[in-house]
Amino acid sequence: MSQWFGVFLYLNILFAVIAYLYLYKRRKLIGFHLGMNISMVAGGGIAIATGMILINQFPLHFFEVTVAATLIGIVTGSLFGALFDYQTLLTGYINGLMMGIMSPMIGAAINDMIIILLVETAILVTFVLLILSAKKT
């Protein structure tokens with residue numbers, strides 16, 4: 001079952017890229033509050049998923065996994081936040097940083113594969129909701 005975790009990393013990146021490309025086209029139509037929520041969800045969601053998956057794949061490399069999850073969360077949150085304005089960029093940056101630091105701790109505490117699958121499913125559904133919420137504005 002754990003061999004599928006690598007596929008989930010690619011799925012996360014694929015969903016994030018699809019959401020980013022869709023939101024890039026509609027960024028002028030999206031308001032300030034929705035933009036802030038989008039940057040927080042994208043940066044935090046990718047950081048949590050990456051940290052949980054990587055710490056289960058490499059359980060003895062806590063420092064490297066924490067740095068990787070934090071950097072991925074910061075970059076993702078900043079990219080999604082930069083679609084709107086500087087304040088949302090800063091919000092995405094900080095949320096990606098915090099979630100990236102915390103996610104390996106959550107992943108280390110969870111040894112059940114079902115919980116990781118539930119979190120992964122919730123994050124993928126969240127990206128679909130981001131696209132739907134941007135479509136309704």
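Which helix holds Met 113? Met 113 is found in helix α5. The model is predicted. In brief, α3 is roughly antiparallel to α2 and roughly antiparallel to α4.

**Helix α5**

- Helix α5 runs over residues 113-136 and has 24 residues.
- At 1.5 Å a residue, α5 should span 34 Å. Its end C-alpha atoms are 35 Å apart, which agrees.
- Buried residues in α5 are Ile 116, Leu 117, Glu 120, Ile 123, Leu 124, Phe 127, Leu 130 and Ala 134.
- The cover over these buried residues includes α1 (5-26), α2 (32-57) and α3 (62-81).
- Residues three or four places apart in an α-helix point the same way, because there are 3.6 residues a turn.
- Met 113 is partly exposed, with a relative accessible area of 30%.
- Met 113 and Val 17 are 96 residues apart along the chain, and their C-alpha atoms are separated by 26 Å.

**Helix α3**

- Helix α3 has 20 residues. From first C-alpha to last, α3 reaches 28 Å, close to the 28 Å expected at 1.5 Å a residue.
- The buried residues of α3 include the glycines Gly 73, Gly 77 and Gly 81. Thr 66, Thr 70, Thr 76 and Ser 78 are also among them.
- Val 65, Ala 69, Ile 74 and Phe 80 complete the buried list of α3.
- Helices α1, α2, α4 (86-109) and α5 are included in what covers the buried residues of α3.

**α3 against α2**

- The axes of α2 and α3 come within 8 Å and cross at roughly 160 degrees.
- An angle over 145 degrees counts as roughly antiparallel, so α2 and α3 are roughly antiparallel to each other.
- The crossing of α2 and α3 is right-handed.
- On the α2 side, the contact involves Ile 38, Ser 39, Ala 42, Gly 43, Ile 46, Ala 47, Thr 50, Gly 51, Leu 54 and Ile 55.
- These meet α3 residues including Phe 62, Val 65, Ala 68, Ile 72, Thr 76 and Phe 80.

**α3 against α4**

- The axes of α3 and α4 come within 7 Å and cross at roughly 160 degrees.
- Helices α3 and α4 are therefore roughly antiparallel to each other. Their crossing is right-handed.
- From α3, the contact uses residues including Phe 62, Thr 66, Thr 70, Ile 74 and Ser 78. From α4, the partners include Gly 92, Tyr 93, Gly 96, Leu 97, Gly 100, Pro 104 and Met 105.

**Thr 76**

- Thr 76 lies in helix α3. Thr 76 is buried, with a relative accessible area of 12%.
- Not counting residues up to four places away in sequence, Thr 76 touches Ala 42, Gly 43 and Ile 46.
- A polar atom of the Thr 76 side chain lies 2.8 Å from the backbone oxygen of Ile 72.
- Thr 76 and Leu 118 are 42 residues apart in sequence and 21 Å apart in space, C-alpha to C-alpha.

**Asn 12**

- Asn 12 is found in helix α1. Its relative accessible area is 2%. The cut-off for buried is under 20%, so Asn 12 is buried.
- Leaving aside neighbours within four places in sequence, Asn 12 is in contact with Ile 46, Ala 49, Ile 53, Glu 120 and Leu 124.
- Glu 120 and Leu 124 are among the buried residues of α5.

Note on methods
Residues are numbered from 1 along each chain as its sequence is written. This is a predicted model: local features need pLDDT of at least 70, side-chain atom pairs count only at pLDDT 80 or more; totals for chains, interfaces and linings use all residues. Side-chain values use heavy atoms; hydrogens and water are left out. Helices (H or I, at least four residues) and strands (E, at least two) are DSSP runs, numbered from the N terminus. The expected span of a helix is 1.5 Å times one less than its number of residues. Buried means under 20% relative accessible area, exposed over 50%, partly exposed in between (1.4 Å probe, protein chains only). Contact means heavy atoms within 4.5 Å. A polar contact is a pair of N or O atoms within 3.5 Å; within protein, one must be able to donate a hydrogen and the other to accept it, and residues adjacent in sequence count only if both atoms are side-chain atoms. Axes are lines fitted to C-alpha atoms, for helices over the stretch in contact, and angles run from 0 to 180 degrees between N-to-C directions. Angles under 35 degrees count as roughly parallel, over 145 as roughly antiparallel, 65 to 115 as roughly perpendicular and the rest as oblique. A crossing is left-handed if the near helix is turned anticlockwise from the far one by less than a right angle, and right-handed if clockwise.
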